[in-house]
Amino acid sequence: MDELQLIREFRAGMPGPPDETRARGRERLAAQFEPRSGALVFGRFERRKLLVGAAVALLAGLLAGSALAFGDRLLDFIRGEPAPKSVQREFAHLDPHSVIPYFDYPTVIKGRIHGVLAFDTAGGRVALWAGPTRSGGACYVFRKLRQKTLSDSLPLAAGCLGRRVPDGLKLVAGLATPAAPNLGFAWGYTAKNVASVEVHLAGGVVKRAPVYERFFAVGAPATKSLVSAVGLAADGHEVGRCCPLPPVPPPSPPQPPRVGPYQPVFDIQKAGHRFVFAIAPAARGGLCTDLTSPGRPHERSCIARLGRLQPLGLGEGGPPGPPWAFFVGRVGNGVASVRLRYEDGTSSKVPLTSRYFLEVVTGLHTRRGHRPLIFLARDSTGHVVATERLDRR
Amino acid sequence: MEPDDRAVIVESLAEPTRFAAIFDRHYDAVYGFVARRVGAALAADVAAETFARAFAGRPRFRPGVSSSARPWLFGIAVNLLRHHYRTEARQLRAYARTGVDPVLDATPDVERRVDAEAAGPCLAEALAALRPAERDVLLLFAWADLSYVEIAEALGLEVGTVRSRLSRARNRVRERLAGDEQEVLETAPTGDANDG
């Protein structure tokens with residue numbers, strides 16, 4: 001028997017995967033089939049809200065991608081217990097690029113932004129993303145986990161913290177009161193030896209929240225003021241407590257200043273409406289966008305450039321249903337052409353100018369059965385390299 | 001007729017659930033390859049992660065000589081196995097030292113092959129002594145049944161490099177096995193000695 005035959009027979013009796021192992025592998029894959037959580041997430045086409053301003057702000061974020069690392073190995077940046085696998089799995093199918101625009105703080109290490117924890121509020125599940133700062137602290141963004149509208153995808157709270165809990169305390173806690181009151185929550189940051197926190201709300205309501213990577217959060221109605229938070233060690237004894245901080249207002253992500261004039265990229269007249277899209281350079285290699293659509297002149301936003309572009313990023317806007325809707329976006333370097341396919345099976349080529357596109361749909365294509373369905377981006381050989389399906393947003 | 005892997009992957013860009021067909025077609029093969037290298041316990045994780053990464057990276061899938069996703073999937077699996085090279089070598093050396101294969105021993109109801117089992121410890125030692133890059137090529141050839149071209153696709157190598165690595169790996173295994181055989185012959189009692 002030659003050596004190759006021996007190698008072929010070496011461990012040849014290894015049995016195949018048990019059914020439950022195969023099923024677990026399939027489940028893990030299926031978890032990724034969920035619609036990706038992008039920076040722009042909408043309800044279904046017919047119930048889309050007119051959120052042009054937010055679309056422009058978020059578009060700027062989408063246009064600037066980054067080689068963002070994500071995964072278990074990154075969960076040690078803050079010296080504290082990482083979330084268990086069950087929690088980490090909630091982030092597994094999410095696209096971390098979607099939160100980068102909200103981490104526009106100069107000291108945060110963007111390549112190490114990752115999901116930390118997720119918790120329930122009355123308005124839906126909320127995720128906390130965090131990234132370490134060069135000075136040993138952390139920056140954080142709270143955002144609804146499963147977005148259905150553009151406003152859902154805006155951060156509920158964001159900011160940065162120092163290396164230590166201030167004033168020698170073992171923990172700090174506050175109540176976040178986002179614009180949507182049912183998404184309110186209490187949250188905070190602890191010293192290393194705090195394993196969980198008892199959150200005491202007005203009316204005698206007490207909620208227990210585990211601490212992951214020194215963060216904790218728990219859903220709390222905006223009407224219930226925070227009375228106190230008690231930090232507990234792993235064995236349950238009290239480590240410290242603290243008075244509540246003032247409520248945390250919803251953040252305005254910092255924007256780099258515009259450093260050059262706006263240059264029009266598209267100026268489209270359709271169905272009696274005018275749509276204009278212009279771009280301008282921003283500081284730190286960033287980008288400013290200026291979008292004019294019916295009733296909303298000069299919706300502007302700027303964002304720092306963060307790295308490589310995604311193959312296909314787009315935002316959309318328009319009133320629910322007829323008479324019009326628009327899609328504005330940009331493609332990455334590998335994309336040679338973009339096509340928009342409609343529900344009725346027809347499709348149209350989307351013109352690209354300097355890697356941008358502005359597609360306005362009117363009339364028939366705003367009606368059920370004929371609406372835009374999917375954007376397909378192809379490379380120069382005709383292979384589809386990216387898609388954005390609109391009916392799942 | 002069933003669409004080939006390439007067609008399924010392209011369809012999955014618009015309809016992600018189509019990717020399940022790729023899982024169904026190739027999971028057992030990928031799992032089997034990984035399990036033979038590092039054992040069933042690690043194989044479950046590595047194989048699942050292989051398909052999760054393949055799904056995430058499917059826009060970058062470029063079929064090679066055939067439209068099969070097999071080389072691509074094995075390439076991802078081998079990349080993931082790089083985190084477990086030490087475990088693999090440690091298990092092989094343990095087998096060589098003790099005659100008990102920790103990979104098979106941890107697996108119930110294993111039907112062992114007599115020939116391979118007899119040569120097992122020597123072969124384990126020979127495989128452990130290979131450079132990981134050589135072991136990857138040799139085992140993709142012997143266990144995953146990939147051709148030279150497919151191994152080149154899987155590992156991102158030139159075909160010539162695959163050919164030379166495979167040849168070197170086979171020679172080293174052959175020499176190691178021959179050395180062990182010689183050692184057995186030299187230490188065995190001979191007829192002359194018995195006569196004397």
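Two residues are taken to be in contact if their C-beta atoms, placed from the backbone, lie within 7 Å. By this criterion, the contact between the chains takes 41 residues from chain B and 31 residues from chain A. On the side of chain B that touches chain A, the elements giving two or more residues are α1 (5-14), α2 (20-38), α3 (40-56), α6 (102-105), α7 (114-129), α8 (132-142) and α10 (159-187) of chain B. Of these, α2(B) gives the most, with eight residues. The residues on this side of chain B divide into 27 nonpolar, four polar and 10 charged. Here Ala, Val, Leu, Ile, Met, Phe, Trp, Tyr, Cys and Pro count as nonpolar, Asp, Glu, Lys and Arg as charged, and the others, Gly among them, as polar. Helices (H or I, at least four residues) and strands (E, at least two) are DSSP runs, numbered from the N terminus.

The model is predicted, so local features need pLDDT of at least 70 and side-chain atom pairs count only at pLDDT 80 or more, while totals for chains, interfaces and linings use all residues. Residues are numbered from 1 along each chain as its sequence is written, and chains are lettered from A and ligands numbered from 1 in the order in which they are written. The model scores ipTM 0.83 and pTM 0.42. For chain B the mean pLDDT (the predictor's confidence in each residue, from 0 to 100) is 81, and 82% of the residues of chain B reach 70 or more. Two stretches of chain B call for some care. Over residues 108-116 of chain B pLDDT stays under 50, and the model has 18 contacts beyond four places in sequence for them. Residues 184-196 of chain B also have pLDDT below 50, and this stretch has one contact in the model beyond near neighbours in sequence.

The two chains can be described in turn. Chain A has five helices and 22 strands, whereas chain B has 11 helices and zero strands. A residue is called buried if 20 or more other C-beta atoms lie within 10 Å of its own, exposed if 12 or fewer, and partly exposed in between, with C-beta atoms placed from the backbone. Buried residues make up 45% of the 393 residues in chain A, and 41% of the 196 residues of chain B. Among contacts in chain A with a separation of 6 or more, 60% are between residues 24 or more positions apart. In chain B, 68% of the contacts between residues at least 6 apart in sequence join residues at least 24 apart.

Axes are lines fitted to C-alpha atoms, for helices over the stretch in contact, and angles run from 0 to 180 degrees between N-to-C directions.

Within chain B, α3(B) and helix α4 (residues 70-81) of chain B pack at an angle of about 125°, with their axes 9 Å apart. That makes α3(B) oblique to α4(B). The residues making the contact are B:V46, B:E49, B:T50, B:R53 and B:A54 of α3(B), and B:W72, B:L73, B:I76, B:A77, B:L80 and B:L81 of α4(B). This contact has eight nonpolar, one polar and two charged residues.

Further along chain B, six of the eight residues of helix α9 (residues 148-155) are buried, so α9(B) is largely enclosed by the rest of the structure. The buried residues in α9(B) are B:E150, B:I151, B:A152, B:E153, B:A154 and B:L155. Just after α9(B), B:G156 takes a positive phi of about 70°.

Two loop residues of chain A complete the picture. A:R214 is found in the loop between β8 (205-210) and β9 (215-219) of chain A, and counts as buried because 21 C-beta neighbours lie inside 10 Å. A:D344 lies in the loop between β18 (337-342) and β19 (347-350) of chain A, and counts as partly exposed, with 13 C-beta neighbours inside 10 Å. Leaving out residues up to four places away in sequence, A:D344 touches A:G369 and A:H370.

Definitions and conventions
Parallel < 35°, antiparallel > 145°, perpendicular 65-115°, else oblique.
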